[in-house]
Amino acid sequence: AAEHGGQPAPERVLFPPTFSVSEIKNKQRRHFMFLRWKQQQRKEKLAAKKQRRKEREALGDKAPPKAIPKTIENQRVYDETTVDPNDEEVAFDEATDEFAPYFNRQTVPKILITTSDRPRGRTVRFCEQLSTVIPNSHVYYRRGLALKRIIPQCIARDFTDLIVINEDRKIPNGLVLSHLPEGPTAHFRMSSVRLRKEIKRKGKEPTEHVPEVILNNFTTRLGHSIGRMFASLFPHDPQFIGRQVATFHNQRDYIFFRFHRYIFKSEKKVGIQELGPRFTLKLRSLQKGTFDSKFGEYEWIHKRREMDTSRRKFHL
Amino acid sequence: VVWDMLGNRQFCSYKITTKTQNFCRNEYNLTGLCNRSSCPLANSQYATIREEKGRCYLYMKAIERAPFPRRLWERVLLSKNYEKALEEIDENLIYWPRFIRHKCKQRFTKITQYLIRIRKLTLKRQRKLVPLRRKIERREKRREEKALIAAQLDNAIEKELLERLKQDTYGDIYNFPIHAFDKALQQQDAESESESDEEKEEEDDEDMDKREFVEADDSDLSDFEDMDKLETSSEEEQEEEEEVEKKASHSKSKGKTPLKGPARRKRPYIEIEYEEETEPASKSKAA
């Protein structure tokens with residue numbers, strides 16, 4: 001009771017050494033003591049900070065460098081498949097994989113965008129916006145056609161990539177990206193899709209110019225191949241007159257897609273204005289061949305039990 | 001008696017009442033409704049059609065077997081052929097009341113129809129329902145938000161674009177004089193030094209550009225476009241530099257006309273002025 005009444009806590013509360021706040025059975029009292037303990041901790045921390053700052057000023061130049069705060073990116077578990085820029089094996093692989101013809105400028109990308117059965121309004125509009133973002137893309141709707149039968153037809157008509165947007169309860173929630181002539185197929189889970197009208201900006205629609213592509217943070221081998229997949233969606237020569245840029249930014253295994261128009265206000269300052277849809281992707285599986293859920297050879301599947309054990313471990 | 005006790009008045013555990021109708025949950029019930037004529041408990045002579053694993057059986061209940069609950073229901077396998085099965089029902093239920101016969105055939109028809117439908121649907125692509133796990137969904141959403149905050153997308157994009165500008169991937173579209181221009185501004189005051197400084201500038205320019213080119217090779221491979229673009233653009237840069245040395249007026253204007261500098265800075269797009277000269281360069285890049 002005395003502890004309840006005494007609101008302004010004493011300056012230095014001395015707890016008997018074997019006492020811990022969690023041993024009090026009464027919840028109210030326990031809570032009160034805990035708050036008091038917390039306040040004390042905060043005071044001590046502040047005092048320690050002040051002390052450190054004084055010391056630092058006193059030492060001047062000789063002070064030890066400031067400690068870097070730990071972030072998840074700093075503490076990331078080292079992945080042995082991280083790509084070293086000078087790695088020859090990687091360079092050789094990339095010269096001979098399925099995207100080599102694209103990067104050698106032998107093929108021009110032609111994309112087919114489609115959905116799962118019976119797309120609802122939101123998905124339809126998203127598909128349309130996506131096709132304006134990606135140049136040389138066509139949207140076709142499926143009415144009960146099997147993917148396996150579409151794929152040979154697409155290859156016959158010279159499509160290089162196939163995007164299937166899967167829909168659930170009227171919102172798009174999955175993306176299957178398949179590089180057509182025998183290419184890898186990546187299956188993503190899509191989230192936070194924002195259509196153009198929902199984005200707070202005052203820009204106009206994207207024009208027909210070929211945008212630039214920015215791929216950020218794809219460090220591991222897996223991330224590399226996914227990055228190349230994304231890069232191969234866009235034609236190789238961006239038209240700088242258009243001043244448009246499509247960004248795929250990987251952060252902690254989430255790939256954020258944004259589409260901006262930029263303007264250089266000076267040599268050190270650039271302004272960007274977001275137009276176009278935005279969405280985030282999370283890779284679920286990567287298959288070697290084209291889309292085949294039963295007999296396909298999977299290069300990578302996200303296994304929750306094994307891969308999600310550590311908070312500092314990322315795969316892309 | 002049974003009906004009086006169970007069906008009509010007292011409690012029958014198979015009976016389900018709804019607002020408009022009574023249903024019977026008994027598996028041997030022929031119609032599914034709770035009626036005097038369709039109650040398998042109340043009728044001592046009863047027949048049903050039931051299907052197991054795609055095959056239909058006719059179950060019959062006879063009064064002689066009433067005291068033997070284990071042998072109460074007699075089972076007859078019906079043929080797969082629809083008409084033959086109907087005939088089999090008829091011959092098994094000969095002399096049975098019309099109601100039961102009729103309802104049995106109706107039930108059999110319904111069952112075969114839905115079996116056909118099942119077989120057809122399994123051939124088509126079926127939608128696989130994957131259950132969402134709430135805890136995981138919430139975790140993923142939270143992680144995505146935190147990743148978004150950590151990503152600082154706008155900053156990252158701006159930085160990347162400025163990098164590309166510095167590495168001259170845009171070529172001559174943006175006439176931002178690079179660091180050389182800052183030096184030129186400083187030299188603006190002392191004009192006597194300007195000529196020697198121009199030479200220094202040129203060297204600096206070339207050195208810097210070459211340095212930039214070499215660095216770009218080692219830069220992280222995540223920018224493939226950059227690499228390819230830089231290769232082509234740097235070749236053209238070298239050509240341009242040669243052109244530049246020939247046409248003294250062109251790039252040296254960056255150093256020589258410092259007075260235009262501040263004015264130029266305000267209008268970053270000087271395409272209007274230099275269109276004729278830069279058009280061939282930009283065309284070769286676009287091609």
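**Entry 1: helices α3 and α7 of chain A**

I note that the model is a predicted one. I recorded the crossing of α3(A) past α7(A) as right-handed.

I then asked which residues make the contact. On the α3(A) side I listed A:E89, A:V90, A:D93 and A:E94, and on the α7(A) side A:R221, A:H224 and A:R228. By class, I counted one nonpolar, one polar and five charged residues in this contact of α3(A) with α7(A).

**Entry 2: helices α2 and α3 of chain B**

I turned to helix α2 (residues 82-92) and helix α3 (residues 98-123) of chain B, whose axes come within 10 Å and cross at roughly 155 degrees. The crossing of α2(B) and α3(B) is right-handed.

For the contact, I listed B:Y82, B:A85, B:L86, B:I89 and B:D90 from α2(B). From α3(B), I listed the residues that they meet: B:R101, B:C104, B:K105, B:F108, B:T109 and B:T112. The residues of this contact of α2(B) with α3(B) comprise six nonpolar, two polar and three charged.

**Entry 3: cavities**

Rolling a probe the size of a water molecule over the atoms shows where empty space is left. How many cavities of 30 Å³ or more are there? I noted seven. For the largest cavity, I recorded a volume of about 100 Å³.

I then looked up the lining of the largest cavity, which consists of A:L130, A:I134, A:I163, A:L175, A:L177, A:F230, A:L233, A:F234, A:F248, A:F257, A:F279 and A:L281. Strands β4 (171-179) and β10 (278-287) of chain A each supply at least two residues of this lining. I classed the lining of the largest cavity as twelve nonpolar residues, with no polar and no charged ones.

Notes. Residues numbered from 1 in each chain as written. Chains lettered and ligands numbered in written order. Predicted model: local features only at pLDDT ≥ 70, side-chain atom pairs only at ≥ 80, totals over all residues. Heavy atoms only, no water. 1 Å grid on protein atoms, 1.4 Å probe; cavity = no way out; pocket = protein on both sides within 12 Å on 5 of 7 lines; lining within 4 Å. Points joined across faces, edges and corners; volume = space filled by probe spheres on them. Helix = DSSP H or I, 4+ residues; strand = E, 2+ residues; numbered from the N terminus. Nonpolar A, V, L, I, M, F, W, Y, C, P; charged D, E, K, R; others polar. Left-handed = near helix turned anticlockwise from the far one by under 90°. Contact = heavy atoms within 4.5 Å. Axes fitted to C-alpha atoms, helices over the stretch in contact; angles between N-to-C directions.
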